[in-house]
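Subject: Structure handover

Hello,

Here is the structure you asked about. My notes follow below it.

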Amino acid sequence: MAVESLGVVMNGVTGRMGYRQHLVRSILAINGQGGVELADGSRVVLEPVLVGRSEEKLRDIATRHGLERWTTDLDSALGDAANVIYFDAQLTSVREEAIVKAIEAGKHVYTEKPVSETVEGALTLAKQATAAGVRNGVVHDKLFLPGLLKLRRLIDGGFFGRILSVRGEFGYWVFEGDWQPAQRPSWNYRREDGGGLVVDMFCHWDYVLTNLFGRVEAVTARAVTHVPERWDERGRRYDVTADDAAYAIFELAGGVVAQFNSSWAVRVHRDELLELQVDGTLGSAVAGLHQCVIQPRAATPRPTWNPDLADEQRYREQWQPVPDNTPPQNGFKAQWEQFVRHVVEDAPHPYDFLAAARGVRLAQAGLQSSDDGRRVELPELTL
């Protein structure tokens, strides 16, 4: 069958996410399997153009992976007609300007999130992309995690009956950087550089909740900075100006209540770094990044509160694992394939700039709720 070549401008590949998840584990992995297979059996091979600010880093990556095309000049990459898709994994603070350039150059745009620092900016991008007739998509990787795919299967199969509530626990201890290197870049902890846990994570919680359980209609949140000082990549102490934890209640359409604890200052006592517990009238489930266990109504034990005696029930052992049924794959790669099909053959891809704007709005509403100490309602967002 025919093989088509598609140029992809990849801006920000010298960063952790851009390099590991998008270049190595997505683009190069897709090409390693022979490209993206289309509905007619033909394939699309992706030709990456690496873009960044450091010639040295770009040259090193290109050499390491046998790639020929790289540049520090974004305009020249966008000016090449062979490059059809623009991808952005830069800092949030500079992303919007680059995306505008890509839209004006007529490129289809796929990007990390947040797509903008403001709701207004995100909506403007959505309107500009629509007016220019370019396809647009935003990474919604967590929906493609094996654990959440199993959760989706349970929901579609009616396992829960009426869903009552969702409880999310996310996070881990990020080292301060003084005696052990931090696992996250220092800009994550500076609000002036676009950092903060709410900005980083609430856009994820928006699409997870919306696509699995219902649209977020209101939020009550408390954002805090637990660790006030850290050390950057060069060992220099700096003051933390962004939140590193958030505790939120999300009210969803249909009456479902979701509670999420998100923190970079918590030590893990759970099976995975992200876990969602879903409780319904007919059963409950706990889903992580990869695993998912269930407890149906008929198999629910009868706990009895008695603080005077040690509880002999082994609650974790009373849950049944959900099988994979289909081989798991990298969620970033899966969504890249979906977006390429969207560009080439108009296959569905609902995770567009408008969906991204909803995520940005939830983050802003969470910060507003925390600052004002009140519940913030979220009417439906449209262009």
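How many residue pairs are in polar contact between domain 1 and domain 2? The count is eight, with both residues of each pair at pLDDT 80 or more. The model is a predicted one, and the count of salt bridges between domain 1 and domain 2 is zero.

As for the domains themselves, the domain assignment gives domain 1 as 3-142 + 331-352 and domain 2 as 143-327 + 360-377. Domain 1 puts 21 residues into the contact and domain 2 puts in 20. Their C-alpha centres are 28 Å apart. Between them the two domains bury about 1700 Å², of which 67% is on carbon and sulfur atoms. On the domain 1 side, the most area is lost by Val119, His140 and Lys142, which together make up 39% of what that side buries.

Helix 4 (92-104), helix 5 (119-132) and helix 8 (331-345) are the elements that each give two or more residues to the side of domain 1 touching domain 2. Helix 8 gives the most, with four residues.

There is also an open sheet of nine strands with mixed pairing, in the order 17-16-15-14-8-13-12-9-18. Strand 17 (320-321) and strand 18 (376-377) are at the edges and have a single partner strand each, so one side of each has no neighbour in the sheet. Strand 8 (residues 163-171) and strand 13 (residues 257-263) run parallel and are joined by seven bridges; Phe170 is opposite Ser262 in strand 13. Helix 7 (residues 197-212) packs on the sheet, touching strands 8, 9, 12, 13 and 14, and its direction makes about 25° with that of strand 12.

Regards

Note on methods. Residues numbered from 1 in each chain as written. Predicted model: local features only at pLDDT ≥ 70, side-chain atom pairs only at ≥ 80, totals over all residues. Heavy atoms only, no water. Pairing = 2+ DSSP bridges. Contact = heavy atoms within 4.5 Å. Axes fitted to C-alpha atoms, helices over the stretch in contact; angles between N-to-C directions. Domains from an automatic or database assignment. Buried area = accessible area lost by both parts, 1.4 Å probe. Salt bridge = Lys/Arg side-chain N within 4 Å of Asp/Glu carboxyl O. Polar contact = N/O pair within 3.5 Å; in protein donor to acceptor, adjacent residues only side chain to side chain.
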